[in-house]
Amino acid sequence: MTPRIPADPVKQFKDVLQHNPTDAHKVMHQFVALGQPLLLRSELLDAFKSLCDSDDSGRLAESPLAEAIHACQEAALNHAWIIMAFRRRVARWEYLRIHVETMDVEEVTVDEYLRFKEHLIAHQHEDEFVLEIDLAPFDREFYKLQEPGSIGRGVEFLNRRLSSHLFEEFGKKAEHVLEFLSVHRYKNQQLMLNEKVTDLDVLRDALRSAMELLAQLSPEAPWADVVHELRHLGFEPGWGRDVKRTRETMQLLLEILEAPSPDNLEAFLGRVPMIFSLAIISPHGFFGQSNVLGRPDTGGQVVYILDQVRALEKEMYDRLYAQGLEIDPQILVVTRLIPEADGTTCDQRVEHIARTRYARILRIPFHSASGNIKRKWISRFEIWPYLERFSIDAEHELLGELGGRPDLIIGNYSDGNLVASLMSRRLGVTQCNIAHALEKTKYLYSDLYWQDNEPHYHFSCQFTADLIAMNTADFIITSTYHEIAGTRNSLGQYESYASFTMPGLYRVLQGIDVYDPKFNIVSPGADPEVYFPYTKSLSRFSHLHDEIESLIYGDGEIAASRGELIDRDKPLIFTLARMDRIKNVTGLVEWYGKNATLRDEANLLVAAGFIDPEESDDEEERSQIELMHKLMDRYELDNQVRWLERQVDKERNGEIYRYVADGRGVFVQPALFEAFGLTVIEAMVCGLPTFATCYGGPTEIIEDGKSGFHIDPNHGELAAQRIAEFLVRCREELGYWESISKGGLERVEARYTWRLYAERMMTLSRVYGFWKHVSGLKRTETRRHLEMLYALQFRPLASALED
């Protein structure tokens, strides 16, 4: 039985040292005997378990010491001292230093803990003047959440905290509310209020008069019927398309002026016409609409953004239309132009985005310091020297395309978020960040051993860029809670930036606070035109079925492949991913090769990477391709595994999910870590039972055993066994496969659709824009500090990389 986690692990550990020093001494020496300077929670627990196994009495396993050890997230140690890091709750840490021999104990600060880790890893003399980054003092007067359960619901907190004091607390600043309502315009057209409304009392009187006027008219009467009377009262277009909508909007404002409530405020701001154009920044990879997926640095983020654009444009248009405005919203995806585009459209400056009205991709090339255009693809780990010039060039092109500044800038990944920070600072535009996946948690001890990784990954630039962008953003969107705050026993991606050290570079005492109300969870969905249930026969792409059969079973080669499935009666285990180490495709192949039951029950269909490693420009991908071939040979899989090169046809991929579902197969996402899991959503919405990693976003998407299954990629034998047991049960128990399929469909429909995403995103952008305007959420002091960090730290690091 796993011991409970104590409410105060530090106090409990101190009590153990006082009352049971012998047991503590034994455990500490067990840790030191491992000979490692750093121990993860899993390593601490394994070492403790080995002691418990040798304790015939069983007393140690049930002791208060066991509970305290389970609360320890990591430890740093040498022959004399151990510092144990306890995570009492999300992002709230305490550190205990214990002398190995005397068992003397004292609490130490995060600064002391980081210094100790530096000494252990870098073996360097302490530098009294090492750069320390501590953003906590800038946030002392700022509103923060207190409860872990509230993390990721920042806009709800802000509305609750600020709305009730909207006119009391701000006193003289109340006029900012009126100013906010008066500032909106589209090109030369004034919206909402005109110069006749001079203060809040005038506004109240005008609203009362307007409500009396509108009450006498038909609810369906258009704005045009009352435009002159309302303009005389001080109202301009933007209140509603007809009388009914206009009255609802005005009633919301009257209630806010009377007694502001968070719900009314959010509902009213959701109607204010203030978002007409937006820029989405995504510099790295091959950003295009066809023939790009599976290329280096090109995967789920591209799919996410294209689907996001379609959903946002529709939501923007619908909201403007409902408010009576005939305005076509503009969305530009700003990315890099690659002259040597390898058969893609990435060498075209402007490209219309399919299934949108006016959205388009705007591509700007990277320039070297000497002004030369960089012609070839550049890894996302190597692009840092070009981003500042790119941001300036992109800004000029963006302003020209839109005819003015955008109303919102959305950054994507570390590079896009940094560019968004630079552009939003210059343009004075609300900034939203979307990380997709932060590299820091993907690679073990990537901060401590940054110098070992620097030649290939350049984490010195990336982690610095992340710190800057996180703290300059007005709001941050994540797909899951896990992305921000992790679980009870693991850190979130953002939480990992709270405090860390990069020996010889800088030490971060407070980098980001996950209790900041800028964090909001807004989960994406899958393109409903492509990904829909296998049962929707009339909507299916049946014209692709012959092609898909040929693809899977090798009847006429239409794609590079290896392996030929002999037994067509078996269901398929399907996986679709990039061929890199984190995605762990080779791990799944090895699980399959080792598990006789799994091989008896199903064939394995893999769509990933290239078949010929020489076709890849990416070193890591080539390594994984070579490993894949070795595994196919080692386990003699050529008659049971069909390995296809990367599949970039989105419609065909959607139908492949459904084809696999027709045969009562499953989808497996075996990643070592997955920030969200877009392919998980795609598979589930097609009705395909899904097994996905227990590390990252899929743990929130899937309700284990109900709408899919969690698997641990670090325990491949158990993962393979769980998949095999499911397939056996489906063969023996009528209706079981269908019940899991239905559970997945229901889960996605309730939580993960682009319609819900777009609605939330448009509301958030308005709410944050409002509070930024009326309550001083601009964080000017923080921004000035970060500008210094950018100029003195990031720029020299990035410049040093340019060839």
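Biologist: Hello! How many residues of strand β13 (residues 408–412) are buried?

Modeller: Welcome! This is a predicted model, where local features need pLDDT of at least 70 and side-chain atom pairs count only at pLDDT 80 or more, while totals for chains, interfaces and linings use all residues. Residues are numbered from 1 along each chain as its sequence is written, and side-chain values use heavy atoms, leaving out hydrogens and water. With buried meaning under 20% relative accessible area (exposed is over 50%, partly exposed in between; 1.4 Å probe, protein chains only), strand β13 is largely enclosed by the rest of the structure, because the buried count is 5 of the 5.

Biologist: Which residues point the other way from Leu408, Ile410 and Asn412 in β13?

Modeller: In a regular strand, side chains alternate between the two faces of the sheet. In β13, Leu408, Ile410 and Asn412 point one way, and the other way point Ile409 and Gly411.

Biologist: Which residue of β14 stands opposite Gly411?

Modeller: Strands pair if DSSP finds at least two bridges between them. On one side, 4 bridges join β13 to the parallel strand β9 (residues 277–281), with Leu278 opposite Leu408. A further 5 bridges join β13 to β14 (residues 430–434), also parallel, and there Gly411 faces Asn433.

Biologist: Which helix does the chain cross through from β13 to β14?

Modeller: This β-α-β crossover is right-handed, meaning that, with the strands pointing away from the viewer, the path from the first strand over the helix to the second runs clockwise. The helix between β13 and β14 covers residues 413–427 and is α14.

Biologist: Within what arc do the buried residues of α1 fall?

Modeller: The buried residues of helix α1 (residues 9–19) are Pro9, Val10, Gln12, Phe13, Val16 and Leu17. The arc is that of the directions from the helix axis to the C-beta atoms. Seen down the axis of α1, these residues line one face of the helix, because their arc is 165 degrees.

Biologist: Which exposed residues does the face of α1 turned away from the buried side carry?

Modeller: The buried residues of α1 pack against α2, α4, β3, β4 and β5, where contact means heavy atoms within 4.5 Å. The face turned away carries Gln18 and His19.

Biologist: How many helices and strands are there in the chain?

Modeller: Helices (H or I, at least four residues) and strands (E, at least two) are DSSP runs, numbered from the N terminus. Buried residues make up 61% of the 803 residues in the chain. The chain has 28 helices and 25 strands.
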